[in-house]
Amino acid sequence: QVQLVESGGGLVQAGGSLRLSCAASGSIFGANTMGWYRQVPGKQRELVADITSGGSTNYADSVKGRFTISRDNAKNTVYLQMNSLKPEDTAVYYCQTRWMTLLGRREYWGRGTQVTVSS
């Protein structure tokens, strides 16, 4: 079993910053990708950013230049530094880890943390 626990969400004014953290524990495959997704009511969950175990990153166009994803492999933790926050960044942010096995893709999700940006 794999558990993901997010922290760091909250309420911030537009232009402010927040840092999200996600700690993974359990039977985690070393060569995994960790990422952050977000979802607002009535919309599909969307990728915000992800990072491979080797450090390659990928960002949604809407957050490029404002958000930075990083990870500490020794701690199985991924971070999302969010700067210049906008009201449209308001969402529940979910942490995910995933990897491929001979039996297919494995992915695990955290329970989410609310980020609210006031105008």
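Predicted model: local features only at pLDDT ≥ 70, side-chain atom pairs only at ≥ 80, totals over all residues.
1. Pairing around strand 3. Strand 3, residues 18-26, pairs with strand 1, residues 2-7, in the antiparallel sense, and six bridges are found between them. Within this pairing, Gln-3 stands opposite Ser-25 of strand 3. Strand 3 is also joined by six bridges to strand 8, residues 77-82, and these two strands likewise run antiparallel. Here Leu-20 stands opposite Leu-80 of strand 8.

2. The disulfide. The structure holds one disulfide. Its partners are Cys-22 and Cys-95, with an S to S distance of 2.1 Å. This pair links distant parts of the chain, since Cys-22 belongs to strand 3 and Cys-95 to strand 9 (residues 91-101), 73 residues apart. In general terms, a disulfide is a covalent bond between the sulfur atoms of two cysteines.

3. Geometry and setting of the disulfide. The torsion about the S-S bond of Cys-22 and Cys-95 is about -85°, and the disulfide is therefore left-handed. Cys-22 has a relative accessible area of 0% and so is buried. Cys-95 is buried as well, with a relative accessible area of 0%.

4. The model contains six salt bridges. In one of them, the side chains of Asp-89 and Arg-38 meet at 3.0 Å, N to O. Asp-89 lies in the loop between strand 8 and strand 9, whereas Arg-38 is in strand 4, so the pair ties together parts that are 51 residues apart in sequence. Both Asp-89 and Arg-38 are buried. These two residues also belong to a network of salt bridges that links Arg-38, Glu-46, Arg-66 and Asp-89.

5. Salt bridges with accessible partners. Lys-64 forms a salt bridge with Asp-61, and their closest N and O atoms are 3.1 Å apart. Asp-61 has a relative accessible area of 65%, and because the cut-off for exposed is over 50%, Asp-61 counts as exposed. A further salt bridge joins Glu-107 to Arg-105, with the closest N and O atoms 2.9 Å apart. Glu-107 is partly exposed, at a relative accessible area of 36%. Arg-105 also counts as partly exposed, at 44% relative accessibility.

6. Arg-71 is located in strand 7, which covers residues 67-72.

7. Surroundings of Arg-71. Setting aside neighbours within four places in sequence, the residues in contact with Arg-71 are Asn-32, Thr-33, Met-34, Ile-51, Thr-52, Ser-53, Thr-77, Val-78 and Tyr-79.

8. Phe-29, a loop residue. Phe-29 lies in the loop between strand 3 and strand 4, the latter covering residues 33-39. Is Phe-29 buried or partly exposed? With a relative accessible area of 43%, Phe-29 is partly exposed. The C-alpha atom of Phe-29 is separated by 17 Å from that of Ser-56, a residue 27 places away along the chain.

Definitions and conventions
Residues numbered from 1 in each chain as written. Heavy atoms only, no water. Helix = DSSP H or I, 4+ residues; strand = E, 2+ residues; numbered from the N terminus. Contact = heavy atoms within 4.5 Å. Pairing = 2+ DSSP bridges. Buried < 20%, exposed > 50% of the residue type's maximum accessible area, 1.4 Å probe, protein only. Disulfide = S-S within 2.5 Å. Salt bridge = Lys/Arg side-chain N within 4 Å of Asp/Glu carboxyl O.
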